[in-house]
Amino acid sequence: MSDLPKAYDPATVEPDLYAGWEAAGLFHAEPDDDGEPFSIVIPPPNVTGSLHVGHALDNTIQDVIIRRERMLGKNAVWIPGTDHAGIATQNVVEKQLAAEGTDRHALGRQAFLDRVWAFKEESGGTILRQLRKLGASADWEREVFTFDGPRSNAVREVFVSLYEQGLIYRGNRLINWCPRCQTALSDIEVEHADVDGELVEFTYPWADGSPGGVQVATTRAETMLGDTAIAVHPDDERYRGTVGREVRHPFQDRTFQVIADDYVDPEFGSGAVKITPGHDPNDHEIGLRHDLDVIDILDDHAVTTEVVGERFAALDRFDARREVKAALDDAGLLVEVETHRHSVGHCSRCDTPVEPRLSLQWFVSMRPLADRAAQAVREGRTRFVPESQTKSFLDWLDNLHDWCISRQIWWGHRIPAWYGPDGQIEVSREDLDRDGWVQDEDVLDTWFSSQLWPFSTLGWEGPHSDTPELRTWYPTSTLVTGYDINTFWVSRMLMIGLWFTDDVPFYVVYNHGLVRDEHGKKMSKSFGNVIDPLDLVDRYGADATRFSLLRSAAPGTDVPLAEEWVEGAKRFTNKIWNAGRFALSNLDGTRPGELPPTEQLTLEDRWILSRLQAMHAEVDAAYGRYDWSVVASGLYHFVWDELADWYLEALKVRIYGDDPEAAEVARRVLAVLLDEVLRLAHPMMPFVTETLWRALTGSDGGRDSLMVAAWPDARPELADEQAEADFGVIQSLVTEINRFRSQNSIPPKARFELVVASDERALLDAHASVICSLAGLGGLTAVEAIEERPGTSTIQFVAGQAQVDLAGLIDVNAELARLRKELEKADADLDRIDGKLANESFVERAPAEVVQRERDKRGELESTVSQLRERIDALSAIEA
């Protein structure tokens, strides 16, 4: 008899169970452990972060993968860690300082860094602790940090090597600048959003004083203060005689030319485009082609400088925008200001509109790295799941620009370049301590260090690194990440991994979608639809939270989530618990072992074992192709709809019967079933399965855990089409009997006799006791044919029909009154729809889908009316 509590309480089970796994070293792996190597590195969350629902999905998937690979006997490691998250972390600490009435400049660089390190030590491990609540079985003994010693060594080695190879350079180029964060941003750190702005149309007058001029348009009027040309398409006949002519800047003492360039779209607007090489990337490229002057009109705070002239100097860029429009209007040059919705780049950290501007920064020349990475993907050395992500990834690589890697902040890997008193530059693996030499103030983009993650986590610090971890687990096996950071992170890891290790950093990139609400809407605080995964774990348990995230997680598709679905997953957890508890209370100490010989198995045994094999094959294949929704639905359907609803009920005839040998066969089958189901479900629902498995096997925990139990082998010999067909006949009959009960309000405990006529008479005779148990019958008689008798009701099923004598079974008068009332309502509804469909105006004018919906309703009502009349006729015969 099992001593498991009646109700499963995750809060009392999960913390102790997790602590026991960790204490037993079940999460840890060593390079010389037995088994084929398998490795995953966690996408490192920011040290500033707390667990959100996207983290929960991502890490649940990783945990499912690593748990299954362990059970498959592999030497599987999952390496955790965090990212120092330069700008994000610095912003958090700067906000703390602002609340204290100070700032980083008042503290000084070293004191500020000490403050950030203190914050990291205090709060930096929060998200990893939270992952434990979710059941993440990462190898915590191997936890690393992108800014720790070994990772910092790797970063410096990569920077210096790329510099020595001519792939890192310092230059004046147009970059994305965040005036709030006071730093350069790479293209992937800029998030574009459609905003309501304006399109300002104005005229540049001819420099020679001729009437008219050239009309142009812009969404950023203030940038005209840095215009150095107007461009038109060389084939645009409207400007055939104007190329080479000069226009006069209305607010500055200078002129510039009309030039011809193929970039210009002659169909847009006037066909003439103002060119601001210092504040627009496309204009900058045109400026390079035509050797145009470049004017930077803004300082680091996006305030206009004196270069724009006294009237507009020292203005915030948005104030300058208003002043320029007013000045153009005063000068009679403003043509029109239209409302215009357009895409504007914002800083991904603080949401400030980004300003393109010319700046002296450090860059990586990406083309050689990108070409090698693209080749590896095209050769299949790294593949994407789903494969549909491959094209966009390759398009990104094929069109990649040089990467701006310097950031004007203090928290991060400081650029290892020193400047001498005479303008010399030296890049060094070692810190330089020379009189008059100073180190570059900037730090590296956070992605520069995180791109090394797959090999730096395994001990790589330079080209001569040869750790056991690298030899065993590199390349890593699978990278799990959202498709939204394929360009941010995946591309960089692939490029740098190939460049420095001559191998891909991972064989498979599994892209999951974004978690959205049940309506497919993005989760956002402003929408009020954010779901806290930790709250879900506290209320429903980790298993239910995990299962609800996985139930819709097909490769590459977004994942809808609603709290009621987590409630449903909790009910499924309870169903597993109750099924396991029933089994354990009736096994009488039977442990999982060999199945009984086939000749000892009953029909229900052979049926459930065949269904188990089908589910096993389906789930195994889905695990292999990363289709978690199919794994979840396969497990759910088998446990709920087949094991619990049918087999355990059919089993009671033998378990509670007076044949000990039959009962022993049933117990042996039940023990095997439960063992295999728990193993197959364990990666998804580790806590409830481990608890039941220990009770089933007698394990006392420690290293004798379901976590490291063998993954069950497929047994195709268990497939039994005949058993499935035969048991399907029984299921059909029992289902129709239950429907008959429901339709006639017959209590579940009411027993009645059933007469059955079927081609499967022998089958039904042989399994009459099981049918009676499943359907709650008092008896079952199989006959050649059913004799029509008054006061009976006929039940149709897949292999024949059955007859029930209604006398004394139901309150005929009450049931007739109820059915006649239902029929009256159904007839009225049918008349209403018939009237609507007879109205030609409705049929002709209403949308086609509305008309079809009414026709579908009519068909359903006709069927309902027919069934009600049949039941009324049958009951009326008894009443008479």
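A salt bridge here is a side-chain nitrogen of Lys or Arg within 4 Å of a carboxyl oxygen of Asp or Glu. With that in hand, here is a friendly tour of the structure above, which is a predicted model. Glu30, Asp139, Arg142 and Glu469 are linked in a network of such salt bridges. By this rule the count comes to 64 salt bridges, and the aromatic pairs number 33.

**Salt bridges**

- Arg220 and Glu355 form a salt bridge in which the closest N and O atoms are 2.6 Å apart. This pair links distant parts of the chain, 135 residues apart: Arg220 is in the loop between β8 (213–218) and β9 (229–232), while Glu355 belongs to strand β14.
- Arg220 has a relative accessible area of 18%, so this residue counts as buried. Glu355 is buried too, with a relative accessible area of 3%.
- Glu379 and Arg381 also meet through their side chains, in a salt bridge of 3.9 Å from N to O. Glu379 is partly exposed, with a relative accessible area of 47%, and Arg381 is partly exposed as well, at 34%.
- Another salt bridge joins the side chains of Arg789 and Asp805, at 4.0 Å from N to O. Here the pair links distant parts of the chain, with Arg789 in the loop between β27 (779–783) and β28 and Asp805 in strand β29, 16 residues apart.
- Arg789 has 35% relative accessibility and counts as partly exposed; Asp805, at 37%, counts as partly exposed too.

**Aromatic pairs and a cluster**

- A pair of aromatic rings is described by the distance of the centres and the angle of the planes.
- Tyr18 and Trp21 form an edge-to-face pair, with 6.3 Å from centre to centre and 70° between the planes. Both residues lie in helix α1 (residues 10–23), where they are three residues apart, about one turn of the helix.
- Tyr18 is buried at 6% relative accessibility, and Trp21 is buried at 0%.
- The rings of Trp607 and Phe727 are stacked, because their centres are 4.3 Å apart and their planes meet at 25°; the cut-off for stacking is an angle under 30 degrees.
- Trp607 is part of helix α19 (residues 603–624) and Phe727 is part of helix α23 (residues 721–743), so their pair ties together parts that are 120 residues apart in sequence. Both Trp607 and Phe727 are buried.
- One aromatic cluster is formed by Phe159, Tyr163, Trp362, Trp403 and Phe448.

**Charges over rings**

- Arg132 lies over the face of Trp140, 4.0 Å from the ring centre.
- Arg551 has its charged end over the ring of Trp565, at 4.8 Å from the centre of that ring.

- Strands pair through backbone hydrogen bonds in a sheet, either parallel or antiparallel.
- Four strands make up an open sheet in the order β6-β5-β14-β16, with antiparallel pairing. The edges are β6 (183–185) and β16 (403–404), each of which pairs on one side only.
- Within this sheet, strand β5 (residues 168–178) and strand β14 (residues 355–364) run antiparallel and are joined by 10 bridges. Arg173 stands opposite Ser359 in β14.

**A hairpin**

- Strand β28 (residues 792–797) pairs with strand β29 (residues 800–805) in the antiparallel sense, over six bridges.
- The two strands are joined by a hairpin through two residues. Gln796 has Gln801 in β29 as its bridge partner.

**A buried serine in a loop**

- Ser428 sits in the loop between β19 (425–427) and β20 (438–439). At 12% relative accessibility, Ser428 counts as buried, because the cut-off for buried is under 20%.
- The side chain of Ser428 reaches the backbone oxygen of Glu430, at 2.6 Å.
- Leaving aside residues up to four places away in sequence, Ser428 touches Arg156, Val160, Pro416 and Trp418.

Definitions and conventions
Residues numbered from 1 in each chain as written. Predicted model: local features only at pLDDT ≥ 70, side-chain atom pairs only at ≥ 80, totals over all residues. Heavy atoms only, no water. Pairing = 2+ DSSP bridges. Buried < 20%, exposed > 50% of the residue type's maximum accessible area, 1.4 Å probe, protein only. Polar contact = N/O pair within 3.5 Å; in protein donor to acceptor, adjacent residues only side chain to side chain. Contact = heavy atoms within 4.5 Å. Phe/Tyr/Trp six-rings, centres within 6.5 Å; stacked < 30°, edge-to-face > 60°. Lys NZ or Arg CZ within 6 Å of the ring centre and 35° of its normal.
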